[in-house]
Amino acid sequence: LLGALSGVASAAPYVLPSPQPGALTPYDWQPVYAIEGLYSIADSSDDPDMWGVRGSLNLYSSADSIARHQFNINVGYETGDESYTPDGDINIEVDAYKIPVTVGYDINLALTDSFMLYAGGKAGYAFGDIDVTVDSTTYGDNAGGFTFSVGGGIKIQCSDAIYVKAGYEFTRTYFGDCNFGGATQNVIMGHHVFSVGIGSQF
């Protein structure tokens, strides 16, 4: 009886544990959710500096190679205001917000297993609103138009599923056909954007 049992036991196959779900494994494309805080410095003194937040859904490769690819869909919200007196007499205030919806691509260059430099770009459409107050009269209109950004930064892979990042990008938004008190014009806003964020797979 003991001999029979030992024979059965020795015949039982050894099964390796399966990979744990949720981990970024080499050569796998994984969905990663990220959120970033944004601070934007206007390229023109007439435009407002802006601050806000951006969320993104990424398809990210953590492959064991120098170049790691990342595709993303992004939705942000930024707001800001600016006051100036162009001739020293009339006071002008600009209050604006924008909601850019973009798609993008980043190339991540791994210097070590966990430290990367990245560069990339985004393009899409920005919804928004611009209000201009001249002395006590306010002119405002909903705005929308093409937007794009290019930039880069650093990224640190803290674990298999979490990374943190910090970066810079230049963005330009073309708001078309804005109506301010009967005068229709195009508004082009450029910003230098500084961002910090975190990404995680769930």
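Colleague: Before we get going, what counts as a salt bridge here?

Modeller: This is a predicted model, so the term rests on computed atom distances. For a salt bridge, a side-chain nitrogen of Lys or Arg has to sit by a carboxyl oxygen of Asp or Glu, and the cut-off is within 4 Å.

Colleague: Okay, how far apart are the closest N and O atoms of Glu36 and Lys165?

Modeller: Glu36 and Lys165 do form a salt bridge. The pair links distant parts of the chain, with Glu36 in strand 1 and Lys165 in strand 7 (residues 162-180), 129 residues apart. Their closest N and O atoms are separated by 3.8 Å.

Colleague: And is Lys165 buried or exposed?

Modeller: Buried means under 20% relative accessible area. Lys165 comes in at 12%, so call Lys165 buried.

Colleague: Which residue in strand 2 does Glu36 tie to?

Modeller: Glu36 has a salt bridge with Arg54, the closest N and O atoms being 3.2 Å apart. Glu36 belongs to strand 1 (residues 29-42) and the partner to strand 2 (residues 50-61), so parts 18 residues apart in sequence get tied together. Both residues are buried.

Colleague: What is the relative accessibility of Glu36 itself, then?

Modeller: The cut-off for buried is under 20%. Glu36 counts as buried because its relative accessibility is 4%.

Colleague: Which residue meets Lys122 in a salt bridge?

Modeller: Lys122 lies in strand 5 (residues 115-134), and its contacts include Arg54, Asn72, Phe148 and Glu169. The salt bridge spans 3.9 Å, N to O, and links strand 5 with strand 7 across 47 residues. The partner is Glu169.

Colleague: Are Glu169 and Lys122 buried or exposed?

Modeller: Glu169 has 8% relative accessibility, so Glu169 falls under the buried label. Lys122 has 12%, which means Lys122 is also buried. For the two of them, the word is buried.

Colleague: Which residues are linked in a network of salt bridges?

Modeller: A search of the whole structure turns up 4 salt bridges. Two of the pairs are Glu36 with Arg54 and Glu169 with Lys122. The linked residues are Glu36, Arg54, Lys122, Lys165 and Glu169.

Colleague: Switching to the surface, how much accessible area does the nonpolar patch have together?

Modeller: The patch is formed by Ile35, Val53, Tyr77, Tyr97, Ile162 and Ile198. One of them, Tyr77, is in strand 3 (residues 67-84) and counts as partly exposed because its relative accessibility is 39%. Together the patch residues have about 490 Å².

Definitions and conventions: Residues are numbered from 1 along each chain as its sequence is written. This is a predicted model: local features need pLDDT of at least 70, side-chain atom pairs count only at pLDDT 80 or more; totals for chains, interfaces and linings use all residues. Side-chain values use heavy atoms; hydrogens and water are left out. Patches are made of residues with over 30% relative accessible area and no salt bridge: like charges are joined within 9 Å, nonpolar side chains (Val, Leu, Ile, Met, Phe, Trp, Tyr) within 5 Å. Accessible areas come from the Shrake-Rupley method with a 1.4 Å probe; for residues, only the protein chains shown count as cover. Helices (H or I, at least four residues) and strands (E, at least two) are DSSP runs, numbered from the N terminus. Buried means under 20% relative accessible area, exposed over 50%, partly exposed in between (1.4 Å probe, protein chains only). Contact means heavy atoms within 4.5 Å. Lists of a residue's contacts leave out its neighbours within four places in sequence.
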